Structures are given as structure tokens and as C-alpha cells.
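These are my notebook entries on one structure, in the order in which I looked things up.

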Amino acid sequence: MTWSFIGWILIGLSAVLLIGFSFFFKNRGRYTVREVPGIQQLLSARAAALEKGNKLHLGIGQRMWSGLYPGSGLYSLSILPKYLDGEIRNSGAMRVSSGDGVLTVLARQIIQNQYGDRYSFLLDQNPVKSDLPAPTPASSTAGLLNLLSFEKVSSLTLVGNYGLESVLFSEALHTNAGAFFSAVGNLTSQAALYPSKKDLLIGENIFLLPVAFSGKDSAQPAWTTEDILRIVVIFIMVAAVVLKLVGLL
Amino acid sequence: MNLSDLAWGIIGLILTVMVLSYAIGDNFLFRLASHIFIGLTAGYFLVVIIHQIVWPYWVTPLAVGSWGQRAWMIIPSALVLLLIISQFQKFSKLGIIPVSFLIGVTTAIVIGGAVFGTLIPQISTIVERFEPSAWAAAPEQTGFLVLDAVVMLVGVIGVLSFFYFGRRKIEFPDDDQTKRPRFFEGLGKIGQVFIGVTLGAIFAGIFSSTLWALIDRLSFASDLIKGLFGGT
Amino acid sequence: MKKILSAIIIIATGLLTLAGYLFREALSPVLALFTDWAILLIGIAGILGIGYLLRMHILRVAKKQKGNFYSIFLIIVFLLTVISGITLSPQSEYFKDMILNVQIPVEASLLGVVAITLLYTSLRVVRIQGWTPLSIGFLSSALIMLILNSGLIGFKPDSLAGRIAGFIQRMPVVGARGILIGMALGGLIVGLRVLLLLDRPLGED
């Protein structure tokens, strides 16, 4: 048995579990995930901003693809439709930005699909927009800092792939007494933000973000599968170590 | 220093001061420098995309390729045109085709990258540390190598346990809802320390590297000013 | 119809590309073709992204919105760069000089601003995070790594102190591996959910 074969087994097992749990949770039971304080904070900050009539800003990453964090770009896109609930769609009180043209174009398509046929009407009113403050990570940092200042953004949420520049965004919001929330998958960003941000979502906890949204039940099969996979991976590691020690691997 | 170097040096110095001024707060100088930078980057990016992507991947095969090559360009040309047309509000629905193609390819890259680029290499590296022949090859270091391997395995299991999503069964409504099942909560405590150590080390690394960048800028500014005014 | 078409394209391209990891040789021509198409689409998306950027700034100028003064500079510099790039070619030494002599000072200075920000945010760490296993690990590791990496204390690699220092320096790798494995598990699930149509990033549920 090769490592590559084990990789395919993991993919197959995950697919089977995901499909199985999707059917299972449709009819009965639910998987109770633990509460994450940071996510509760996001919910209250979002509600407070909307109540005051302030604009929300969602940053979906500086790049779509990353070798170290392969899923983060796709994850930020899959979060976007969940974030755009009816209230936000109707009020248009949100702006989406990224540092990558592909992410911006895909985000725009997602927003248009969320509006459906109402889009053409709302486009002239005040729809949610997807912008590219600048086309590269460094210039996008400068661009987003300017956008935060010009538009007096009072609530910024970052998901996807950001680096150490996250600390600048966090401080910009802190200076303006705004709410900053990070579910960035990148370790550099998490390390830069850790000293100044309470209840920061670290590592895999970012995948609990759908807890905050109305369609959270659809994520239950994913959480269950991920926990089972976690146990499987631990088992594989321990078993492989034992086999290595007795000379069978 | 020739005239061109001097001119670029002065521009660099001015931009450095403008950007560093952000440290005391958002201001006119930072905004101006950043807009200049964004304009330049966007222009450069556009030129590079045209030269390195649009020309070789689209224009050249269509203009000078064989008929076979041209035929193969029908699908990507259609995808490109649909993506462009979809930017007009009336035709926005057409964008679903190229966007779905990009998402399909991305999905496969994500799955392949996650399993064969991260998961399997990381697990196999951990297991390789338990190679008895490697321990025997360096008898004076065996203790450290064994300790290294054991700490690695326990630490990684601890970190994975820390991120366990499931919640412990609660008996009363006011019980702590952030707790994992007892087994994972215990292991997660060990994992928490390792996560802290990792974030701390990365923080130290980024702090050192950004500090070097700051020192480099300051020494560049000081050297240029000395050069300009003949100081020593 | 739109939903079905999107699902078919996602599944077909996704599965074919994924199969390329398994049957690398047999599927390499298809993979090469897909890669070329994807690169072209990414390039076009990049150009469209720049279009959005320019549109935003042109509208800001036209509608005299806040920041329109800066937008004028952005548009002028953009046009100058594009004209220089097209007339001189991106390989030209003058063009490269122009880009690098702006890019390096700005990017390095931005890093400098990050350094200053990190310095004062780090002073808040205990007040913000309190004393937890994670924050203790963070603080002790940051301090030890700063000292060890500064080169102020030198150890002979073969000495006991050198081995202990090496062991300590390797400790951050443990947490990083754990986090990366976890992120990969999350990435795998995200990808599979899209491929199995359990999650629709295009939002048309």
C-alpha cells in the first residue's frame, strides 16, 4: 500500500461520508458543534452595523490559489452566498473586495446569481458590489486601506487568503472604532493578528464559520465528515508509526 | 551615482516617506503614494497579462497556428467571449459557463493539492521520523531524535484534537458550550500549547523580517540624504 | 437549465482534472489543454478585474466622490505605465527600472509600517488574550525565537546546548504541521462539497 493509495482512500471515504451524512441529516438528527466565541462576535457586529445603517465590507482574499492552503480561495467563495442574506441583498449594505481578478470576477457572478432576476432592477439602486482595489497582494493592501478610509467602513470581515497585512486592516478598523473579524486561513495572518485580536479564528476553526449563517444546517455533513476524517488521520499516523517501528513499513 | 540613479533614488525616498507616514495615521501623503502605486501595478499587470498570457495562449495560436490548433481554440475563445460578454448586465447569465469551468478546475486542484500536496506529505514526514535505522545511524543523537519524533506525533495529534468540531454533551442549559468531548479536550490542551508556539515563532519571524525592511528603508534614506548633501 | 449546465461543467472538468492525478500519463493531453484554457481565462479575468478597478476610479472622478483627486493620479500613472509597457515592451530595462524603483520602496515601506504596527499590537497581547496555554506558548515562543534568531547567543551545533537550541527551534514545526493537516482536511471537504454539488459556490441553490 503506497501513500498515494492512502490519499485516494481518504478522498473516496470523504465523498462517501459526505453523501451519506447529507441524506442522514436531511431526515433526522443533527451534529452539535461547539460554540466558537469569535463567530458570536461576528454575528453581533454584523447586526449592529446593519442596524446603524453602516456598510459591511467582506474581503475574500488576496489570491485564489495557494499551495499551502489549497482550499482557502474556494472556501471564501463558498462563504459569499451564505453571507449575502436577504437583508443584505435588499439593502445593498455590503461591498466585497479581493486582491485577485479571478476572485473578483467569480464573486461578481455569485452576487448576480444571488439577486437572480431582481438584479437588473437593483443594479440601478444600491446593489452589493464586488471590487478589485488593486491587482496584486501588496497594492491591494494599499487599495483596501484607502477604501476603508474613504467609505468609513465600520465592519470588516476577512476570509480566504491574506498575509501579514491583515494587522493593518485590523488597526484601521480599531482606529475608527469599527468591528474587525478574521476567518483567514493563512498562518502568517493569524500570527500577526493574534496579539491584538481576541477570539480570533485560528486554523481549521475557520471552517466553522457557516455556524453564523442561516443555511448552517447544510454544513453539518461537512463538520461530521471532517471530525471522522480527523480520527482516521490520527489512526493512520499511529498505525504507520507502529508499522515503521516493527520494520513493516 | 549617475543622473538616472539619482532621480530614481529621490523618487524612492519621497515614496518611502509618504508610505511610512501611515504609521502616524491615514493621511494625504499615504493616499497619494498608494494611488500612484496602484496605478503603476495595474498598468504593469495589464501589460504582463497581454504579453505573457493573451498573446501566447490566444492570439498566437489563432493567428499563426495550424488549422488543427485553430480548431482547438474554438472552446477557449468561446469561454473568453462569454466571460467578457457576461460583464454586460443583460448577458450576465452567460458568465455561468466560463465561471463553472474555472470552479471545476479549481475544485480538482483544491482536492488534489489538499491530499497529495499537503496531507500525505505531512503525514509521511511525521512517520519517517520513527525510522529506527536513522536513529541507529547517529547513536550520540538517538535520544534527541526519539524525543523529536514522539513530540512531533503527540503534538500533531494534540493540534488535530484542538480543532475537533463536535461539542461535549451538555446536561444543563448553562453548561459551557465551547467544550469538546473529554478525550479531545484533554489532547486539545496539549495542542493549544503547540499552536501558541507556532504562532509565536511565526510572529517573531514576520516581526524580524518587517523590521529589517524598515531598517533597510531608513538606511537607504539616510545614505541618499548624506550623498545629496555631502555628509559622511 | 442554468443550474444543470453549471453542474455538468463543474463535475466534468473537476472529475477529469482530478483523474489526471491518478492517470497522469493517459490524461496528460487533456490536462494540458484544460490548464491552457484555465490560464487564458485567469488572464482575461485579471484584465476584467483591472477594468473594475478603473471603472471605480473613473466613476469616482466623474461623480466627484471622496478621493477623486487621488483617482486622477491613479488613472494617469496607469495610462503612462501601459503606454510605456506597450511601446518599450515589458523586458525593456527602462520599463523594469520604472516599475522596480516604485515597487520596491513602496512595498518595503509598507512592510516597515507593518513592523511598527506589530510592535505596538504585541504590547497588548496579555491584556487581549489573558493567560491561556495558547498565549503562554505564543509569548514564550516569540521571545525565544527572537533571541535565538538574533544570533546574539551562538551554540556549537554538536554541543548539548546546540542540540537543545535546535530542538527548541524545531518545535514550531509541530504546530504548523498539525494546522496544515487540519487545513488540508478542511480544503478536501470544501472541494468535495462543490464537486458533489452539496455546496454551490455560485449560489443558485
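Entry 1, ground rules. I am working with a predicted model, in which local features need pLDDT of at least 70, side-chain atom pairs count only at pLDDT 80 or more, and totals for chains, interfaces and linings use all residues. Residues are numbered from 1 along each chain as its sequence is written, while chains are lettered from A and ligands numbered from 1 in the order in which they are written.

The C-alpha trace of chain B spans about 65 × 65 × 55 Å along its principal axes. Chain B has eight helices and zero strands; helices (H or I, at least four residues) and strands (E, at least two) are DSSP runs, numbered from the N terminus. I then checked burial. A residue is buried if 20 or more other C-beta atoms lie within 10 Å of its own, exposed if 12 or fewer, and partly exposed in between, with C-beta atoms placed from the backbone. In chain B, 42% of the 232 residues count as buried. For contacts I used this cut-off: two residues are in contact if their C-beta atoms, placed from the backbone, lie within 7 Å. Among contacts in chain B between residues at least 6 apart in sequence, 34% join residues at least 24 apart.

The bounds come from an automatic or database domain assignment. Chain B is given domain 1 (1-72), domain 2 (87-128) and domain 3 (131-232). I read 28 Å between the C-alpha centres of domain 2 of chain B and domain 3 of chain B. Chain A is divided into domain 1 (1-30 + 216-249) and domain 2 (36-214), and the C-alpha centres of these two domains of chain A lie 30 Å apart.

I counted seven helices and zero strands in chain C. The radius of gyration of chain C is 26 Å, well over the 17 Å that the globule rule gives for 205 residues, so chain C is more spread out than a compact globule. Its C-alpha trace spans about 65 × 50 × 40 Å along the principal axes. Buried residues make up 42% of the 205 residues in chain C. Of the contacts in chain C between residues at least 6 apart in sequence, 25% join residues at least 24 apart.

How many residues of chain B are in contact with chain A? I found 51, in contact with 57 residues of chain A. H5(B) gives the largest share of this side of chain B, 20 residues. I sorted the side by type: Ala, Val, Leu, Ile, Met, Phe, Trp, Tyr, Cys and Pro count as nonpolar, Asp, Glu, Lys and Arg as charged, and the others, Gly among them, as polar. The side of chain B that touches chain A has 31 nonpolar, 14 polar and six charged residues.

With chain C, 93 residues of chain B are in contact with 91 residues of chain C. H5(B) gives the most to this side of chain B, with 23 residues. The residues here divide into 66 nonpolar, 21 polar and six charged.

A nonpolar core is a set of buried Ala, Val, Leu, Ile, Met, Phe, Trp, Tyr and Cys residues joined through C-beta atoms within 7 Å. The largest one has 193 residues, and those with the most contacts inside it are Val19(B), Ile111(B), Phe203(B) and Leu41(C). H5(B) supplies the largest share of this core, 17 residues. I followed Phe203(B): leaving out residues up to four places away in sequence, it touches Ala191(A), Ala192(A), Tyr194(A) and Ala142(C).

Is H3(A) largely enclosed or largely open? Eleven of the twelve residues of H3(A) are buried, so this helix is largely enclosed by the rest of the structure. Those buried residues pack against elements including strand E1 (56-59) of chain A, H5 of chain B and helix H7 (160-195) of chain C. Asp217(A) sits in the loop between helix H9 (187-193) and helix H10 (220-245) of chain A. It has 12 C-beta neighbours inside 10 Å and therefore counts as exposed.

Methods: The radius of gyration is taken over C-alpha atoms; the globule rule is 2.2 Å times the number of residues to the power 0.38.
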